[in-house]
Amino acid sequence: MTTSSNYTNLRDIWYTMIGIPGLEDAHMWISIPICSMYIVAVVGNTLLLFLIFTEHSLHEPMYLFLSMLALADIFLSTVTTPKMLAIFWFQEGGISFGSCVSQMFFLHFIFVAESAILLAMAFDRYVAICYPLRYTAILTPSVIGKIGIASIIRSFLICFPLVFLVYRLTYCGRNIIRHSYCEHMGIARLACDSIQVNIYYGVIVALFSICLDVVLIIISYALILCTVFRIPSQEARLKALGACGSHVCVILLFYTPAFFSSFAHRFGGHSIPLHIHILLANLYVVVPPTLNPIIYGVKTKQIQEQFIQVFSLSKKFC
């Protein structure tokens, strides 16, 4: 590992991630639920993808967007968790600068893309409830594909500048990352240069991606509620609201920890210990991917039926 005080070649830089500062003795115990959730996340979302793509009755806009979410969840947890577990189990915290930047890019890229998918799912619910007779005419397979491609392009255009922002900095010997994975400001704070541009761009990314998506989701649900409360039948109102239940749960699961972490960093000061921040950040990349397929499996009758059918067939062949 290079220890010189002034780096001129970024390829020579190696970092050491220390996992959760202050909880090193508990790493093995912490790894058990994280590993379990990661396995459930990968298996659950893979099963969800399998059900959606093999069952023709699930080839509807809602489920196609759900398949995008499941794919994003698999990538989100896989980008971070294997390395996290290597730190907890084998103290393998070493990572090169290039690998760290790659992990940083894919982490932010998937996060922004998943936010866009949740916005698309809110639009899907808006069309389904406010314009039910035009639902299939508006959300055609072509439109859904374009929305998916637009989400990827937007995420790439927003997150790719982060790579240049960390590569432009000068690094001079600080190589301890007090975290379990690489993220933008964690790398930037190890530089010797001013990181004001990185901070400003990070705020811009948050405002024009995550915050904008949240505002548009709130507007969508405000319009949905206006439409629902104009329905004369109480049973029909409850059915319409129930159609949004799974999506609302997933939205809260995705955005609440992110906003809590953001506010804690900016306004919590030193009142919240660092190990709490890092522990929550670790759980954040595995808990939503783990619970999302469970939420949709429990609350969506069509997915329940297909799962029972697949399970019954597998038992018959066994």
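Which helices each supply at least two residues of the lining of the second largest pocket? Let's build up to that pocket step by step.

## The model

This is a predicted model, where local features need pLDDT of at least 70, side-chain atom pairs count only at pLDDT 80 or more, and totals for chains, interfaces and linings use all residues. Residues are numbered from 1 along each chain as its sequence is written, and side-chain values use heavy atoms, leaving out hydrogens and water.

The protein chain has an average pLDDT (the predictor's confidence in each residue, from 0 to 100) of 87, and 90% of the residues score at least 70. Over residues 1–5 the pLDDT is below 50. Where pLDDT is low, predicted coordinates should not be read in detail.

## The sheet

Strands pair if DSSP finds at least two bridges between them.

β1 (residues 14–17) runs parallel to β3, joined by two bridges. Here threonine 16 is opposite isoleucine 176.

## The pocket

Back to the opening question: the helices (DSSP runs of H or I, at least four residues) are α2 (61–90), α3, α8 (234–267) and α11 (301–317). The largest share of this lining, six residues, comes from α8.

Among the 19 lining residues, Met62, Arg125, Lys239, Ala243 and Gln302 are the closest to the centre of the second largest pocket. A pocket is an open set of points on a 1 Å grid over the protein atoms alone, where a 1.4 Å probe fits, with protein on both sides within 12 Å along at least five of seven lines; lining residues have an atom within 4 Å of a point.

Technical notes. Contact means heavy atoms within 4.5 Å.
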